[in-house]
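Subject: Structure handover, rings and nonpolar contacts

Hello,

Here is the structure for your files. My notes on its rings and nonpolar contacts follow below.

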Amino acid sequence: MRKSLLALGVVAAVSAVPAQAEYLFGFGSMYIDYQKWGQGFGNDASNFGQEISERDQAVIGIEGGAVFDWGQIYGFYDYEGIDRAGDDRGASLKGTIHYNLTESGVSLYAQVYNTDKDKNPVLHEQNRVLGLGYTGLKGDGWGFTPFIGFHQVNTEGGVSGSNGGMFGYVGYYNTDIGGQNFTFSTWNELEFARNDEYAAIQSTDFASGVDSESWGLNGSLNAMWNVTDHISTGILYRYTVNKLARKDYQDILIYRIQYNF
């Protein structure tokens, strides 16, 4: 039932976009990442015994976003493990939309995130969120956009359906330091009231359920040096709690080179 409501909400939001919507600004980029899972404070193996170094990988991706008078959209696609054999790769993609319901910036929010991996281990997970957001917190060179909504999940292991709720936000700040331009950004997603099966997978060894926790955290703190209008480079600090099949606090460093359209 909630899946139907989610689909209906997304369709309604997109179909309601005015044909003559005013484009305000946007961005787009392609990038190459290298993910070092063993660099940081939390360097534990996964909940299912995978050594942390086995997760190191190179990634190529594309992302973009746009702000209109009716709201905003964002999306990315990552092709993961390009330094590994062709049958041992993966892909992740995400799409979000805020459709403003009021002039103050209260918005209908929808998100779909999907990730797949071919082997070691085989993985499929899709997360869907429908709720409310707020797009009114912004200024010259900065913005902060929170949301909260109902969360659904579908996984390779057959865990599907309602997975509690999610609260999150995206923020950025663009500034000059020493005559150079930098962009600092962050995103964060707090999952709460998860279903028991999913909570066990994310917060206990081998999904035992022993001392399982019903919440998880997933986010990033990013610093990018905009060398030119088209070339940027920087570091992304990813952090998780009871997420990505690693219990407790874990983290990862991502090194990025980016071409801006």
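Is Phe68 buried or exposed? Phe68 is buried, at a relative accessible area of 19%. Buried means under 20% relative accessible area, exposed over 50%, and partly exposed in between (1.4 Å probe, protein chains only).

First, the ground rules. This is a predicted model, in which local features need pLDDT of at least 70, side-chain atom pairs count only at pLDDT 80 or more, and totals for chains, interfaces and linings use all residues. Residues are numbered from 1 along each chain as its sequence is written, and side-chain values use heavy atoms, with hydrogens and water left out.

**Rings**

The whole structure holds 12 aromatic pairs. Rings of Phe, Tyr and Trp (its six-membered ring) pair if their centres lie within 6.5 Å; planes under 30 degrees apart are stacked, over 60 edge-to-face, the rest tilted. Phe68 and Trp70 are stacked, with 5.2 Å between centres and 10 degrees between planes. Trp70 is buried, at 9% relative accessibility. Tyr259 and Phe261 pair edge-to-face, because their planes stand at 75 degrees, with centres 6.0 Å apart. Tyr259 is partly exposed at 39%, and Phe261 is exposed at 54%. Ring pairs also join Tyr23, Phe68, Trp70 and Tyr99 into a cluster.

Two charges sit over rings (NZ of Lys or CZ of Arg within 6 Å of the ring centre and within 35 degrees of the ring normal). Lys94 lies over the face of Trp187, 5.2 Å from the ring centre. Arg256 lies over the face of Tyr31, at 3.8 Å.

**Cores**

A nonpolar core is a set of buried Ala, Val, Leu, Ile, Met, Phe, Trp, Tyr and Cys residues joined through side-chain atoms within 4.5 Å. The largest has seven residues: Ala66, Phe68, Trp70, Ile97, Tyr99, Ala110 and Leu130. Strand 2 (57–68) and strand 4 (90–100) each supply at least two residues of this core. Strands are DSSP runs (E, at least two residues), numbered from the N terminus. Another core, of six residues, lies apart from it and includes Ile52, Leu236, Ile252 and Ile254.

**Surface**

Met30, Ile62, Tyr77, Leu93, Trp225, Val227, Ile231, Tyr259 and Phe261 make a nonpolar surface patch of about 810 Å². Patch residues have over 30% relative accessible area and no salt bridge, with nonpolar side chains (Val, Leu, Ile, Met, Phe, Trp, Tyr) joined within 5 Å. A salt bridge is a side-chain nitrogen of Lys or Arg within 4 Å of a carboxyl oxygen of Asp or Glu. Areas are Shrake-Rupley, 1.4 Å probe. Trp225 lies in strand 11 (residues 216–226) and is partly exposed at 35%.

Best wishes

Notes:
Helices (H or I, at least four residues) and strands (E, at least two) are DSSP runs, numbered from the N terminus. Patches are made of residues with over 30% relative accessible area and no salt bridge: like charges are joined within 9 Å, nonpolar side chains (Val, Leu, Ile, Met, Phe, Trp, Tyr) within 5 Å.
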